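Subject: Structure handover

Hello,

Please find the structure below. My notes on it follow.

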Amino acid sequence: SDGSWDVGLSFSYSSETPYFYQLYDLFYSSNSEGKREMHEGDEFGLDINWGIHPLHNNLTNSGMFLMWDVSALHNNRSNTLTSASEGTFLHTGPVLVLYKESAMFRAEYKFAAYEKIDAVGNSKGDIFQVGIGFAF
């Protein structure tokens, strides 16, 4: 929205056994000033997922993951009113993943465990997300 070139860096680790899944992702995003001299604030965060793999059918290549997600995010202050998420946020909650062959369905509900809003910002509140994905 501000015409800037932004850059990000992420360090991730994940592993999976037939029964357990874990993911750790540490990330940083630098938002530069754009043509309109707007700086929407840099972001720093950590995502953690722990889960079990209670169901898998080799014949149909289908199954389910049940996970717990922890997401921490800090957005630096910006010099524009278009950034609606200045502050520090911690969300956590359950995740359900169903898959069959190359299709995947994911639903998650995360509640706001901690929110500290800086300056002019909006509370993120509880988060519910649903997604569908395909692998080729």
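I start with a loop residue: Asn61 sits in the loop that connects β3 and β4. Strands and helices here are DSSP runs (E, at least two residues, for strands; H or I, at least four, for helices), numbered from the N terminus. Asn61 is not a glycine, yet its phi is positive, about 45°. Its relative accessible area of 36% makes Asn61 partly exposed, where buried means under 20%, exposed over 50% and partly exposed in between (1.4 Å probe, protein chains only). Glu101, in the loop between β5 and β6, also has a positive phi without being a glycine, near 50°. Glu101 is exposed, at 57% relative accessible area.

Some notes on the source. This is a predicted model, in which local features need pLDDT of at least 70 and side-chain atom pairs count only at pLDDT 80 or more, while totals for chains, interfaces and linings use all residues. Residues are numbered from 1 along each chain as its sequence is written, and side-chain values use heavy atoms, with hydrogens and water left out.

The fold

The chain has zero helices and seven strands. The seven strands form an open sheet with antiparallel pairing, in the order β1-β2-β3-β4-β5-β6-β7; two strands pair if DSSP finds at least two bridges between them. β1 (7–16) and β7 are the edge strands, each with a single partner, so one side of each has no neighbour in the sheet. Direction ignored, neighbouring strands are turned by 15° against each other on average.

Details of the pairing:

- β1 and β2 (residues 20–30) are antiparallel and share ten bridges. A hairpin of three residues joins them, and Ser14 has Leu23 in β2 as its bridge partner.
- β2 and β3 (residues 43–57) run antiparallel, joined by ten bridges. Asp25 is paired with Asp47 in β3.
- β4 (residues 62–75) and β5 (residues 87–100) run antiparallel with 14 bridges between them. Trp68 stands opposite Pro94 in β5.

Contacts and burial

Which residues does Leu73 touch, leaving out those up to four places away in sequence? Leu73, in strand β4, touches Phe27, Glu43, Phe44, Gly45, Gly87, Thr88, Phe89 and Lys124, a contact being heavy atoms within 4.5 Å. For the chain, 52% of the contacts between residues at least 6 apart in sequence join residues at least 24 apart. Of its 136 residues, 32% count as buried.

The surface

The chain exposes about 8700 Å², of which carbon and sulfur atoms supply 61%; accessible areas come from the Shrake-Rupley method with a 1.4 Å probe, and for residues only the protein chains shown count as cover. A nonpolar surface patch is formed by Trp68, Leu98, Phe105, Tyr109, Phe111, Phe128, Val130, Ile132, Phe134 and Phe136, together with about 1200 Å² of accessible area. The elements giving two or more residues to this patch are β6 (103–117) and β7 (127–134). β7 provides the largest share, four residues. Patch residues have over 30% relative accessible area and no salt bridge; nonpolar side chains (Val, Leu, Ile, Met, Phe, Trp, Tyr) are joined within 5 Å, like charges within 9 Å. A salt bridge is a side-chain nitrogen of Lys or Arg within 4 Å of a carboxyl oxygen of Asp or Glu. Phe105, in strand β6, is partly exposed at 31% relative accessible area.

Regards

Note on methods: Axes are lines fitted to C-alpha atoms, for helices over the stretch in contact, and angles run from 0 to 180 degrees between N-to-C directions.
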